[in-house]
Amino acid sequence: MKRLMRSVLLYLAAGLSANTAAAQDLSSYLAGEMRGLVIHDAPVAASSLPFLRVDESEGSLADYAGQIVVLNFWATWCAPCREEMPSLQNLQTALGGEDFTVVTLATGRNPPQAIRRFFEEIGVTDLQQYRDINQQIAREMGVFGLPITVILNREGQEIARLRGDAHWDSPEALALVRAVIDQPEG
């Protein structure tokens, strides 16, 4: 019985250290476009408040449970957002699927027609046009200034945050996102 208990404890300890090591391993990807990414010591709860889809129905970040999510807060009037958005589409094209998705969330005063025009002008066709109702999700998640991009783990928790724009289709960003997708669950 002692031997079994010791084996169980060793197994649990190995599992906990593996998860910690996996999170720490991301620090090696903080170069180039990703040098400003802040990796949290522990996952942080993301908002459960609703956003609006293009058809005016409500959705939430919980809709993406089980996937790694790159969540981008942006606005139609934000010049850096205009620069960044095509690279987010390229990231979605390169890695999107069952394990990963890019979610863009327009926050602030962004009427649907302005969002649609913004996407058309910059040639973004493969990302959803979601709106943050009265900036409630942005406020709850401490988003001040735009753009802000957060990475959510499969449990829907924030594990990293980047303030400002980036080329999300850069080799550094693609490597980082692949590393997050490849991390063991749990």
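Accessible areas here come from the Shrake-Rupley method with a 1.4 Å probe, and for residues only the protein chains shown count as cover. By that method the chain exposes about 10000 Å², with carbon and sulfur atoms supplying 53% of it.

This is a predicted model, in which local features need pLDDT of at least 70, side-chain atom pairs count only at pLDDT 80 or more, and totals for chains, interfaces and linings use all residues. Residues are numbered from 1 along each chain as its sequence is written, and side-chain values use heavy atoms, leaving out hydrogens and water.

Start with the whole chain, shown as a cartoon. Five helices and eight strands make up its secondary structure; these are DSSP runs numbered from the N terminus, helices being H or I with at least four residues and strands E with at least two. Followed from the N terminus, the order is α-β-β-β-β-α-β-α-β-α-β-β-α.

Next, select strand β4 (residues 68-74) and helix α3 (residues 112-122). Show the side chains of W74 in the strand and F119 in the helix, 45 residues apart. Their rings form a tilted aromatic pair, 5.6 Å centre to centre with 50 degrees between the planes. Rings of Phe, Tyr and Trp (its six-membered ring) pair if their centres lie within 6.5 Å; planes under 30 degrees apart are stacked, over 60 edge-to-face, and the rest tilted.

The whole structure has four aromatic pairs.
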